[in-house]
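The following exercises are to be worked with the sequence and the predicted model at hand. Each task is followed by a solution in steps.

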Amino acid sequence: MKKRFTVFLALCLALASLSAAFAETVSEPLQVDLDLSQMSGTIVYAEVYNLMYDPAPYLGKVLRIRGYYSFFRDPVTDSVYYACVIPDATACCMQGIEFVPAEEPADPDHYQEDSADLTVTGRLEMYDDNGVSYLHLVNADVQLNPET
């Protein structure tokens with residue numbers, strides 16, 4: 001009986017340590033601080049304008065945006081840039097926010113279909129490129145929106 005109890009206790013401890021290790025590897029979904037994906041075009045345009053004009057209050061915040069996929073490869077540096085282009089209510093004045101996918105795409109040139117309707121969620125950060133500051137969403141979760 002004592003031997004069975006010892007084996008049972010050892011198994012329980014092993015399972016507990018495995019479940020703790022597994023819990024550490026499972027990533028928690030990002031807690032969204034500002035969800036622009038559900039707002040009207042006018043409000044989104046105003047909020048993105050504020051974000052570009054004065055980014056300091058937004059830095060480090062998790063944003064969710066909905067828009068259209070855009071891709072650019074710099075011919076000089078061969079750097080790849082992904083963006084979510086957000087139209088305003090009249091679709092005359094679009095603004096885009098660059099994003100860095102959480103997982104590197106296998107084929108960066110064909111990551112998404114051009115102008116695909118998507119929702120991007122990521123943490124807003126600023127980076128410097130040749131003395132110019134840019135904003136982008138890092139560790140971005142990219143979801144294609146279903147066709148309506």
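**Exercise 1.** Locate Asn-130 relative to the strands of the chain, and classify the residue as buried or exposed.

*Solution.* Step 1: Asn-130 belongs to the loop that runs between β5 (117-129) and β6 (132-144). Step 2: the relative accessible area of Asn-130 is 76%. Step 3: the class exposed requires a value over 50%, so Asn-130 is exposed. Step 4: the backbone of Asn-130 has a phi near 55 degrees, which is a positive value in a residue other than glycine.

**Exercise 2.** Describe the second largest pocket by its volume, its lining and the elements that supply the lining.

*Solution.* Step 1: the second largest pocket holds about 160 Å³ of space. Step 2: its lining consists of Leu-36, Ser-37, Met-39, Ser-40, Gly-41, Val-44, Arg-66, Gly-67, Tyr-68, Ile-86, Pro-87 and Asp-117. Step 3: sorted by class, six of these lining residues are nonpolar, four are polar and two are charged. Step 4: at least two lining residues come from each of α2 (41-53) and β2 (62-73). Step 5: β2 gives the largest share, three residues.

**Exercise 3.** Summarise the chain as a whole: what is the order of its elements, and what percentage of its residues count as buried?

*Solution.* Step 1: two helices and six strands are present in the chain. Step 2: along the sequence, these elements follow the pattern α-β-α-β-β-β-β-β. Step 3: 28% of the 148 residues count as buried. Step 4: the chain exposes about 10,200 Å², of which carbon and sulfur atoms supply 57%. Step 5: among contacts between residues at least 6 apart in sequence, 59% join residues at least 24 apart.

Terms used
Residues are numbered from 1 along each chain as its sequence is written. This is a predicted model: local features need pLDDT of at least 70, side-chain atom pairs count only at pLDDT 80 or more; totals for chains, interfaces and linings use all residues. Side-chain values use heavy atoms; hydrogens and water are left out. Helices (H or I, at least four residues) and strands (E, at least two) are DSSP runs, numbered from the N terminus. Buried means under 20% relative accessible area, exposed over 50%, partly exposed in between (1.4 Å probe, protein chains only). Contact means heavy atoms within 4.5 Å. Accessible areas come from the Shrake-Rupley method with a 1.4 Å probe; for residues, only the protein chains shown count as cover. On a 1 Å grid over the protein atoms alone, a cavity is a set of points where a 1.4 Å probe fits but cannot get out, and a pocket is an open set with protein on both sides within 12 Å along at least five of seven lines; lining residues have an atom within 4 Å of a point. Grid points are joined across faces, edges and corners, and a volume is the space filled by probe spheres set on the points. Ala, Val, Leu, Ile, Met, Phe, Trp, Tyr, Cys and Pro count as nonpolar, Asp, Glu, Lys and Arg as charged, and the others, Gly among them, as polar.
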